[in-house]
Amino acid sequence: MRIWLDGELRDQDSARVSVFDHGLTVGDGIFETVKAAWGTPFALTRHLDRLTRSARGLGLPDPDHDEVREACAAVLEANPMPLGRLRITYTGGHGPLGSDRGEHGPTLVVAVGATTRRPDTTAVITVPWTRNERGALTGLKTTSYAENVVALARAHEHGASEALFGNTVGQLCEGTGSNVFVVLDGEIHTPPVASGCLPGITRALAVEWTGAKETDLPLDVLRRADEVFLTSTLRDVQAVHRIDDRELPGTPGPVTAKAMRIFDERSGHDLDP
Ligand code: PLP
């Protein structure tokens with residue numbers, strides 16, 4: 001595997017960051033996961049824009065989009081694969097053993113791993129922990145993912161592939177690595193960004209392409225929704241066939257199936273929507 005680290009491609013074994021990198025010591029970093037089919041990234045412009053928004057939220061210097069594009073192209077060319085997930089990581093760089101940033105600039109790493117197309121349906125659980133809709137990091141794609149790691153492990157214990165969070169006021173928010181949509185009386189709804197969810201790129205495309213409404217939803221909407229689906233870079237649109245103990249027979253339902261079709265068609269035609 002060839003990896004981009006601070007301006008050049010290196011072999012995986014020689015690509016090393018400092019043990020004092022703040023991405024490692026204090027989780028001071030941001031990232032993007034970008035899907036790439038046959039060497040072409042999907043929606044890269046939107047991912048770069050979110051990377052910049054996340055950098056600004058953390059007070060990191062703006063990432064150089066030209067460099068990140070060059071890095072993505074170089075990594076994809078050096079590691080050919082049919083379906084890949086680019087991982088762009090941008091940290092506070094190496095600094096003192098504390099929370100203050102050092103003099104060094106940020107660290108940029110771009111790597112790629114092979115992935116496969118997601119199954120059409122999946123099971124999810126809800127977790128009792130809450131997303132903070134008013135935190136300093138809310139809405140930013142930071143590397144501080146330990147809460148998601150814990151929730152995802154619980155999902156796996158229950159035979160599910162995703163765990164859904166509510167926020168501090170009992171509203172539905174998002175999954176560990178996905179946004180959530182529900183179908184009520186034929187209409188598609190998803191929690192607004194103010195719920196504390198990440199402004200997912202797949203979510204934004206699904207809202208634009210299906211006309212889904214952004215609606216405050218109580219967490220228990222999951223017990224009565226006619227259909228539920230997830231969106232994310234690696235899932236695209238994925239139907240949910242079980243939420244905790246509730247089975248949803250006939251998944252994907254008609255509205256979700258249509259959303260999946262629309263997403264596949266539109267994203268196949270426009271690689272940088
Ligand atoms: N919410 C969280 C917490 C995520 O980590 C992700 C993606 O990793 C998403 C939502 C979905 O975002 P996107 O569609 O941009 O992949």
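Reader: How many residues line the largest pocket, and which lie nearest its centre?

Author: A word on the model to begin with. This is a predicted model, so local features need pLDDT of at least 70 and side-chain atom pairs count only at pLDDT 80 or more, while totals for chains, interfaces and linings use all residues. Residues are numbered from 1 along each chain as its sequence is written, and side-chain values use heavy atoms, with hydrogens and water left out. Now the general idea: on a 1 Å grid over the protein atoms alone, a pocket is an open set of points with protein on both sides within 12 Å along at least five of seven lines, a cavity is a set where a 1.4 Å probe fits but cannot get out, and lining residues have an atom within 4 Å of a point. Here, 47 residues line the largest pocket, and K141, Y145, N148, T176 and G177 lie nearest its centre.

Reader: What is the volume of the largest pocket?

Author: A volume is the space filled by probe spheres set on the grid points, which are joined across faces, edges and corners. For the largest pocket that comes to about 1100 Å³.

Reader: Which element gives the most to the lining of the largest pocket?

Author: Elements are DSSP runs numbered from the N terminus: helices are H or I with at least four residues, strands E with at least two. α4 gives the most, with 5 residues.

Reader: How does the lining of the largest pocket divide into nonpolar, polar and charged residues?

Author: Ala, Val, Leu, Ile, Met, Phe, Trp, Tyr, Cys and Pro count as nonpolar, Asp, Glu, Lys and Arg as charged, and the others, Gly among them, as polar. The lining has 11 nonpolar, 24 polar and 12 charged residues.

Reader: Why does the largest pocket lie between domain 1 and domain 2?

Author: Domain bounds come from an automatic or database domain assignment. Domain 1 (2-114) and domain 2 (121-269) both give residues to the lining, so the largest pocket lies between them.

Reader: Which residues lie nearest the centre of the second largest pocket?

Author: They are K35, A37, L83, D236 and S267, out of 18 lining residues. This pocket has a volume of about 310 Å³, and its lining draws at least three residues from each of domain 1 and domain 2.

Reader: What lines the largest cavity?

Author: Among its lining residues are K35, H47, L205, D236 and F263. About 60 Å³ of space lies in this cavity, and α5 supplies the largest share of the lining, 3 residues. By class, the lining has 5 nonpolar, 4 polar and 2 charged residues.

Reader: At what angle do the axes of α2 and α3 cross?

Author: Axes are lines fitted to C-alpha atoms, for helices over the stretch in contact, and angles run from 0 to 180 degrees between N-to-C directions. The axes of α2 (residues 44-58) and α3 (residues 65-78) cross at roughly 130° and come within 11 Å. Angles under 35 degrees count as roughly parallel, over 145 as roughly antiparallel, 65 to 115 as roughly perpendicular and the rest as oblique. α2 and α3 are therefore oblique to each other.

Reader: Where is the cis peptide bond?

Author: The cis bond joins T251 and P252, with omega about 0°. P252 lies in the loop between β15 (246-247) and α6.
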